[in-house]
Amino acid sequence: MDLSDRFYLVTGAAGGIGAGIAEALIEVGGTVALADLDLDATQMTAHRIDPGGRRTSAVRCDVGSDSSVGEAVATTVARFGRLDGVVNNAGVIEMNEARHATSAAWARELDINVTGVFRMCRAALEHLTASDQAAIVNVASNCGKVGFPNMAGYNASKAAVINLTRSLATEWAPLGINVNAVCPGAVDTPMLAGVADWLADHQGGDPEDILAGMALPQIGRKIAPIEVGRVVAFLLSPDATIIRGQALNIDAGETPY
């Protein structure tokens with residue numbers, strides 16, 4: 001797989017899965033704009049994966065704002081001259097029992113996790129249609145298929161991302177844009193560690209033990225962010241042209257459908 005001379009924008013790229021996706025794209029020759037609310041952290045990540053700075057750019061982006069998303073896309077296109085693909089990875093989680101969840105927390109998860117994806121897709125559309133091999137990959141979650149306890153808003157938002165992906169894939173295929181989603185599970189990230197901390201605080205136990213217990217049985221460990229990134233890189237590539245509107249499980253066999 002060779003993504004040389006291809007230019008991508010990845011949201012939520014300061015760390016975690018987003019950083020792993022950016023690193024995987026660099027690994028196969030791509031050039032990447034790393035977009036995140038925390039610009040300092042994003043710049044540090046860009047330097048780590050591309051010390052020479054030839055194939056990365058750090059961009060501040062708040063996916064909760066139409067204007068910020070538009071500016072991030074415009075900055076990326078001005079820097080690279082084109083845009084061949086977008087990865088919508090930015091997201092938040094508000095752990096709580098459904099009966100105690102606030103409307104504000106619910107609205108925030110839907111706004112960032114779902115509407116944020118739509119904002120970026122819509123802002124990037126005109127630039128993607130100018131590419132000869134345009135693709136979008138939305139980072140959903142196996143939570144959008146299974147529905148884990150204490151995260152009703154997150155589950156619902158990721159299920160919405162899956163169906164938004166199907167909708168855009170159908171609508172934008174005539175425009176030459178391939179749209180897919182990935183559904184990771186138990187990726188070794190600060191977000192997953194935060195889930196373990198919440199469970200320890202509310203249900204007892206040691207957070208490190210809880211986190212260790214999240215290892216996936218079939219592989220005996222958690223997933224590394226770059227492993228998610230390599231699947232995403234494939235879906236962005238011309239090799240994935242016949243995979244369309246799908247929500248691929250990348251959770252080491254935990255979700256059977």
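The largest nonpolar core has 37 residues, a nonpolar core being a set of buried Ala, Val, Leu, Ile, Met, Phe, Trp, Tyr and Cys residues joined through side-chain atoms within 4.5 Å. Buried means under 20% relative accessible area, exposed over 50%, and partly exposed in between (1.4 Å probe, protein chains only). Those with the most contacts inside this core are L9, C61, L83, M120, L128, I136 and I177. Two or more residues each come from β1 (7-11), β2, α3 (66-80), α4 (103-128), β5 (134-139), α6 (152-172) and β6 (177-184); helices (H or I, at least four residues) and strands (E, at least two) are DSSP runs, numbered from the N terminus. The largest share, seven residues, is from α4.

This is a predicted model, in which local features need pLDDT of at least 70 and side-chain atom pairs count only at pLDDT 80 or more, while totals for chains, interfaces and linings use all residues. Residues are numbered from 1 along each chain as its sequence is written, and side-chain values use heavy atoms, with hydrogens and water left out.

Leaving aside residues up to four places away in sequence, I177 touches L125, L128, T129, A134, I136, W172 and R244 (contact: heavy atoms within 4.5 Å). A second, separate core of 30 residues includes Y8, A135, V182 and V228.

Helix α2 (residues 39-49) buries T42, T45, A46 and I49. Seen down the axis of α2, these fall within an arc of 100°, so they line one face of the helix; the arc is that of the directions from the helix axis to the C-beta atoms. Their cover includes α1 (16-27), β2 (31-36) and β3 (56-60). Exposed residues D40, M44 and H47 sit on the face of α2 turned away from its buried side.
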